[in-house]
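Look at the model below and follow the chain from its start. This report begins with the aromatic rings and then moves out to the sheet, the core and the loops.

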Amino acid sequence: MAMAAIASALPAATHAQSDPFRLVSISPADRSMGASRSPQLRATFSHPVSSASLGSQSITVSRPGHVVAGQSHADGPAVTTTLHQRLLPMTDYRVAIDGVRSTSGASLAGPTSTTFTTADGQWRGLGLAHD
């Protein structure tokens with residue numbers, strides 16, 4: 001039997017073990033400086049994400065002393081989190097991911113977090129323009 005035929009005959013759980021559910025990328029990138037103050041983040045996972053696993057605490061964005069409210073939506077392996085307000089300029093933020101599951105029920109190995117710092121505003125004419 002050819003290797004491809006053997007692989008396709010294996011149960012889905014075996015594939016999940018060889019390619020665990022994990023965070024592949026996030027925007028803004030971890031430890032980035034000068035990140036956009038846009039109220040939208042995007043995380044990409046190694047497998048399609050279950051929308052049912054995206055509760056209010058699954059992906060949180062916070063700065064010291066304040067959690068920024070938002071809502072997350074899955075589209076295959078991509079999750080977009082739209083915050084209910086723009087981020088402050090020149091501020092450190094933490095993104096915490098916990099409880100997100102794949103459509104096959106796999107979970108992350110543990111809680112994951114990333115950090116980024118937002119950009120400052122730019123002077124234009126007489127006012128302060130924000131990105």
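Phe21 is buried in this predicted model. Its relative accessibility is 5%, and the cut-off for buried is under 20%. Phe45 is buried too, with a relative accessible area of 3%.

**Aromatic pairs**

How many aromatic pairs are there? The count comes to 2. Phe21 and Phe45 form a stacked pair. Phe21 lies in the loop between helix H2 (12–18) and strand S1 (23–27), while Phe45 lies in strand S3. The pair therefore ties together parts that are 24 residues apart in sequence.

Tyr93 and Phe116 also form a stacked pair. Tyr93 sits in strand S8 (residues 92–97) and Phe116 in strand S9 (residues 112–118). This pair ties together parts that are 23 residues apart in sequence. Both Tyr93 and Phe116 are buried.

The table sets out the geometry of the pairs.

| Aromatic pair | Centre to centre | Angle between planes |
|---|---|---|
| Phe21 and Phe45 | 5.4 Å | 20 degrees |
| Tyr93 and Phe116 | 5.6 Å | 20 degrees |

Why do these rings count as stacked? Planes under 30 degrees apart count as stacked, so an angle of 20 degrees puts Phe21 and Phe45 in that class. Tyr93 and Phe116, also at 20 degrees, qualify because of that rule.

**The chain as a whole**

Now step back. The protein chain has 2 helices and 11 strands. Read along the sequence, the pattern is α-α-β-β-β-β-β-β-β-β-β-β-β. Of the 131 residues of the protein chain, 31% count as buried. The accessible surface comes to about 7,900 Å². Carbon and sulfur atoms account for 56% of that surface.

Take the contacts in the protein chain between residues at least 6 apart in sequence: 66% of them join residues at least 24 apart.

**A sheet of four strands**

Which strands make up the open sheet, and in what order? The order is S1-S3-S7-S6, and the pairing is antiparallel. S1 and S6 stand at the edges. Each has a single partner strand, so one side of each is left without a neighbour in the sheet. Neighbouring strands of this sheet are turned by 15 degrees against each other on average, direction ignored.

S7 pairs with both S3 and S6. Strand S3 (residues 40–45) and strand S7 (residues 78–83) are antiparallel, with 5 bridges. In that pairing, Gln40 has Thr82 as its bridge partner. Arg42 stands opposite Thr80 in S7.

Strand S6 (residues 70–75) is joined to S7 by 6 bridges, and the two run antiparallel. Here Gln71 stands opposite Thr82. So what lies between S6 and S7? The two strands form a hairpin with 2 residues between them. Gly76 in the turn has a positive phi of about 70 degrees.

**The nonpolar core**

The largest nonpolar core holds 20 residues. Phe45, Val95, Ile97 and Val100 touch the most other members. S3, strand S4 (59–63), S7 and S8 each supply at least two residues of this core.

Which residues is Val95 in contact with, leaving aside its neighbours within four places in sequence? They are Ile26, Leu41, Ile59, Thr60, Val61, Thr112, Ser113, Thr114 and Phe116. Phe116, in that list, is also the ring partner of Tyr93.

**Backbone details in the loops**

A cis peptide bond joins Ser27 and Pro28, with omega about 5 degrees. Pro28 is found in the loop between S1 and strand S2 (32–35).

Arg31 also has its place in the loop between S1 and S2. Phi of Arg31 is near 65 degrees, a positive value in a residue other than glycine. Is Arg31 buried or exposed? At 65% relative accessibility, Arg31 counts as exposed.

Met90 lies in the loop between S7 and S8. Met90 is not a glycine, yet it has a positive phi of about 50 degrees. Met90 counts as exposed, at 61% relative accessibility.

Terms used. Residues numbered from 1 in each chain as written. Predicted model: local features only at pLDDT ≥ 70, side-chain atom pairs only at ≥ 80, totals over all residues. Heavy atoms only, no water. Pairing = 2+ DSSP bridges. Phe/Tyr/Trp six-rings, centres within 6.5 Å; stacked < 30°, edge-to-face > 60°. Buried < 20%, exposed > 50% of the residue type's maximum accessible area, 1.4 Å probe, protein only. Contact = heavy atoms within 4.5 Å. Areas by Shrake-Rupley, 256 points an atom, 1.4 Å probe, with all protein chains shown as cover. Core = buried A, V, L, I, M, F, W, Y, C linked by side-chain atoms within 4.5 Å. Axes fitted to C-alpha atoms, helices over the stretch in contact; angles between N-to-C directions.
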